[in-house]
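Here's a quick briefing to read alongside the model. Have a look at the fold first, then come back for the notes.

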Amino acid sequence: MQISYATADLKHCCLKREVAEQCFGRTYADRLVSELADAEAFDNVHEWHEFLGGNVTINANDSFEVTIGSSYMATFVSVDQNAGVDAAGRTDWASVEFIKLTAISEAL
């Protein structure tokens with residue numbers, strides 16, 4: 001699976017641990033960098049979702065959020081042009097290999 005980033009600043013914050021520490025603090029920086037590295041080891045988004053268990057929420061607009069520790073949520077969307085849809089017209093996450101991280105926000 002491959003992850004792209006909505007902005008250059010977001011990419012910079014997520015891929016360089018030192019920068020991530022400045023953005024999110026040491027504890028969350030470690031979790032974020034590890035979570036993204038783990039994600040890219042999976043073949044597709046569905047496999048990653050299964051691994052995450054209760055730490056993922058699929059939204060009505062076919063984006064999904066991943067909990068990063070207790071303070072942050074990372075929001076992703078499919079950017080896979082070959083992604084399939086299920087009978088209900090929703091994204092078939094088992095067919096998605098390319099996603100974009102659109103935002104990291106404080107968890108509510």
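A residue is called buried here when its relative accessible area is under 20%. By that cut-off, 37% of the 108 residues in the chain are buried. Keep in mind that this is a predicted model.

**Overall build**
- The chain has four helices and seven strands.
- Reading from the N terminus, the order is β-α-α-α-α-β-β-β-β-β-β.
- The chain's radius of gyration is 13 Å, which agrees with the value near 13 Å that a compact globule of 108 residues would have.
- Along its principal axes, the C-alpha trace covers about 45 × 25 × 20 Å.
- If you take the contacts with a separation of 6 or more, 54% of them join residues 24 or more positions apart.

**Surface and charge**

- In soluble globular proteins, nonpolar side chains tend to be buried together.
- Here, the largest nonpolar core holds 31 residues, and the ones touching the most other members are Trp 48, Phe 64, Phe 76, Ile 99, Leu 101 and Ile 104.
- Elements giving two or more residues to this core include the helices α1 (8-15), α2 (17-24), α3 (26-40) and α4 (45-52).
- Strands β1 (2-5), β3 (64-68), β4 (72-78) and β7 (98-106) also give two or more each.
- The largest share comes from α3, with six residues.
- What does Phe 64 touch, leaving aside residues up to four places away in sequence? Its partners include Val 45, Trp 48 and His 49, then Val 56, Thr 57, Ile 58 and Asn 59, and also Ala 74, Thr 75, Phe 76, Trp 93 and Ile 99.

- Asp 62 sits in the loop between β2 (56-58) and β3.
- The backbone at Asp 62 has a positive phi of about 70°, although this residue is not a glycine.
- Is Asp 62 buried or exposed? Asp 62 counts as buried, because its relative accessibility is 16%.
- Glu 47 belongs to helix α4, and with a relative accessible area of 30% it is partly exposed.
- Glu 47 and Ala 94 are 47 residues apart in sequence, yet their C-alpha atoms are 7.1 Å apart in space.

Technical notes. Residues numbered from 1 in each chain as written. Predicted model: local features only at pLDDT ≥ 70, side-chain atom pairs only at ≥ 80, totals over all residues. Heavy atoms only, no water. Rg over C-alpha atoms; globule rule 2.2 N^0.38 Å. Buried < 20%, exposed > 50% of the residue type's maximum accessible area, 1.4 Å probe, protein only. Contact = heavy atoms within 4.5 Å. Core = buried A, V, L, I, M, F, W, Y, C linked by side-chain atoms within 4.5 Å.
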